[in-house]
Amino acid sequence: MRNLWIFVSRYNAFFLFIIFFLLGIYFTVKNNAYQRSVTLNSSNEVVGTAYERLNIFKRYLNLGMVNDSLAAENAKLKGQLLALNTVDTAKDIKVIDTLTDQQYTYLAAKVVKNSVTLRNNIMTINKGSVDGIKNGMAVIAPQRGVVGLIRDVSEHLATIQSLLHKDTRISVSLKKNHALGSLVWGDGNFDIRKAFIKEVPNHIKMYVGDSVVTSGYGSFPAGIFVGKIVKPNVATNDNFLSGELNLVTDFSTLQYVYVIKDKKAEEQKALESLVKPNE
Amino acid sequence: MGFYDLSTPFIYILFLLLLPFGIPNILLYLLAFGTGLTLDAFYDTMGVHATACVVLAFVRISFISISLNRDAIDDPEPSLSYMGFQWFSLYAFLCVIAHHLVLFFLETFRLSEIGYTLMRCGLSCIFTLLIILLVEFIFYRRTSR
């Protein structure tokens, strides 16, 4: 401390110079509009650039959150779109149904576990019974394409029995003539980009490039694009046709899915249970 | 093309140049700062002259401590009469150029007009130096050395 003081006092001219010089500069910048504007502008530029750099990092780190919110927004918008398209045909006048009688609602969910390499693939999503998810609900991919059906539901999570499973059968139809069929996967071919449409009546003609959409008879709303036929008219031993199709859903890169809630599912199930099988 | 609009003499720094040798550094700095502030008040350039004067004070202290033996100084003040033309002109030249450089660059406050600023600075230096020497010769006291 003493040495420091000796050092300072020996070179007092220099230290006093620094003090007074900084004081002078401060006065100059503070009291002169032009100098102030130059100083502030350049420092603003520096600060601005620094913030910009930082912002790029922050944006990157927030991508997950942004994705979540975008997916939620998309689900909401899709719900509204569907509401606008649902037409109540029970009345004489066609009324464009708004939110009051919306049959399907979309719920965005993040895939927390996915598998595509097994014979029977199961996914896990981060929405559960708290969010109103029930067994048997349909799940679709964000852009287009089917994913599967809800299998088991816990409080905050749910598993999806994906299309890539031996028990999954989804009712589909050919878009051009509404011929019904079943969408299954993995019959001798475990390519995750291909699936089969089976049980198409024999008199229907399939061509390469025919679009396959959901029929609307299961949990899926009608008209969701599933894929395009690549190998039509595969003859089977029975009375039905089969076809191979390219799926639009890319199961290997799924990050977000939409769970479709069908408001009338319970009612439909209750009603249909009245019909005894083999009556 | 005339140079008259470029050169401005600042003779007030002669006051700082002629302060006696024995003055404490802190007092010198305070006087320099005060002188500068007074000038600033009239030029309406708050702080510019003050900073330049502080720089001048630093150059003055440095030059004196380098060129003269502190213990052997028996002259009262660093004027032309006591110190002789050679020493005084170098002393005045260094102080004036330091002062003017800081002054003009602070006034311009940008480097894009560096040519213009340096020209103003150089011409003003010559003008100031001439007048300072002139004043010193006018008030020259012949002393026995």
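This section describes the two chains of a predicted model, the contact between them and the surroundings of two selected residues.

Chain A comprises five helices and 14 strands, and 29% of its 279 residues are buried. Among the contacts in chain A that join residues at least 6 apart in sequence, 53% link residues at least 24 apart. Of the 145 residues of chain B, 30% count as buried, and residues 24 or more positions apart account for 69% of the contacts in chain B that have a separation of 6 or more.

Both chains carry annotations of the "transmembrane region" type, taken from unreviewed UniProt entries. In chain A, UniProt places this feature at residues 12-29; in the model this stretch is 100% helix and 0% strand, and its end C-alpha atoms are 25 Å apart. For chain B, the UniProt record lists residues 12-34, 46-68, 88-106 and 118-140 under the feature "transmembrane region". Among these, residues 46-68 of chain B are 87% helix and 0% strand, with the end C-alpha atoms lying 34 Å apart, whereas residues 118-140 of chain B are 91% helix and 0% strand, with 32 Å between the end C-alpha atoms.

The contact between the chains takes 15 residues from chain A and 17 residues from chain B. On the side of chain A that touches chain B, helix 2 (12-31) and helix 3 (33-61) of chain A each supply at least two residues, and helix 2 of chain A gives the most, with eleven residues. By class, this side of chain A has nine nonpolar, six polar and no charged residues.

Within this contact, helix 2 of chain A packs with helix 3 of chain B at an angle of about 165°, and the axes of the two helices are 7 Å apart. Since angles over 145 degrees count as roughly antiparallel, helix 2 of chain A is therefore roughly antiparallel to helix 3 of chain B. The crossing of helix 2 of chain A with helix 3 of chain B is left-handed. From helix 2 of chain A, the residues A:Ala13, A:Phe17, A:Phe20, A:Phe21, A:Gly24, A:Ile25, A:Phe27 and A:Thr28 take part, and they meet B:Val48, B:Ala50, B:Thr51, B:Val54, B:Val55, B:Phe58 and B:Ile61 in helix 3 of chain B. These residues divide into twelve nonpolar, three polar and no charged.

Helix 3 of chain B (residues 48-67) also packs with helix 5 of chain B (residues 85-108), at an angle of about 150° and with the axes 8 Å apart. With an angle over 145 degrees as the criterion, helix 3 and helix 5 of chain B are therefore roughly antiparallel to each other, and helix 3 of chain B passes helix 5 of chain B in a right-handed crossing. The residues that helix 3 of chain B brings to this contact include B:Val48, B:Thr51, B:Val55, B:Val59, B:Arg60 and B:Phe63, while those from helix 5 of chain B include B:Trp87, B:Tyr91, B:Leu94, B:Ala98, B:Val102 and B:Glu107. By class, the contact of helix 3 of chain B with helix 5 of chain B has 15 nonpolar, four polar and two charged residues.

Two residues were examined individually. B:Asp40 is placed in helix 2 of chain B (residues 25-43) and counts as buried because 23 C-beta neighbours lie inside 10 Å, the cut-off for burial being 20 or more. Leaving aside neighbours within four places in sequence, B:Asp40 is in contact with B:Thr45, B:Met46, B:Gly47, B:Val48, B:His49 and B:Ala50. The C-alpha atoms of B:Asp40 and B:Ala50, ten residues apart along the chain, are separated by 7.2 Å.

In chain A, A:Ile229 lies in strand 12 (residues 225-235) and is partly exposed, with 19 other C-beta atoms within 10 Å. Beyond its neighbours within four places in sequence, A:Ile229 is in contact with A:Met206, A:Tyr207, A:Val208, A:Gly209, A:Asp210, A:Val212, A:Gly243 and A:Leu245. A separation of 6.3 Å is found between the C-alpha atoms of A:Ile229 and A:Asn246, which are 17 residues apart along the chain.

Technical notes. Residues are numbered from 1 along each chain as its sequence is written. Chains are lettered from A and ligands numbered from 1 in the order in which they are written. This is a predicted model: local features need pLDDT of at least 70, side-chain atom pairs count only at pLDDT 80 or more; totals for chains, interfaces and linings use all residues. Two residues are in contact if their C-beta atoms, placed from the backbone, lie within 7 Å. Helices (H or I, at least four residues) and strands (E, at least two) are DSSP runs, numbered from the N terminus. Ala, Val, Leu, Ile, Met, Phe, Trp, Tyr, Cys and Pro count as nonpolar, Asp, Glu, Lys and Arg as charged, and the others, Gly among them, as polar. UniProt positions are given in the numbering used here, feature names are shortened, and annotations may be inferred rather than shown by experiment. Axes are lines fitted to C-alpha atoms, for helices over the stretch in contact, and angles run from 0 to 180 degrees between N-to-C directions. Angles under 35 degrees count as roughly parallel, over 145 as roughly antiparallel, 65 to 115 as roughly perpendicular and the rest as oblique. A crossing is left-handed if the near helix is turned anticlockwise from the far one by less than a right angle, and right-handed if clockwise. A residue is buried if 20 or more other C-beta atoms lie within 10 Å of its own, exposed if 12 or fewer, and partly exposed in between; C-beta atoms are placed from the backbone.
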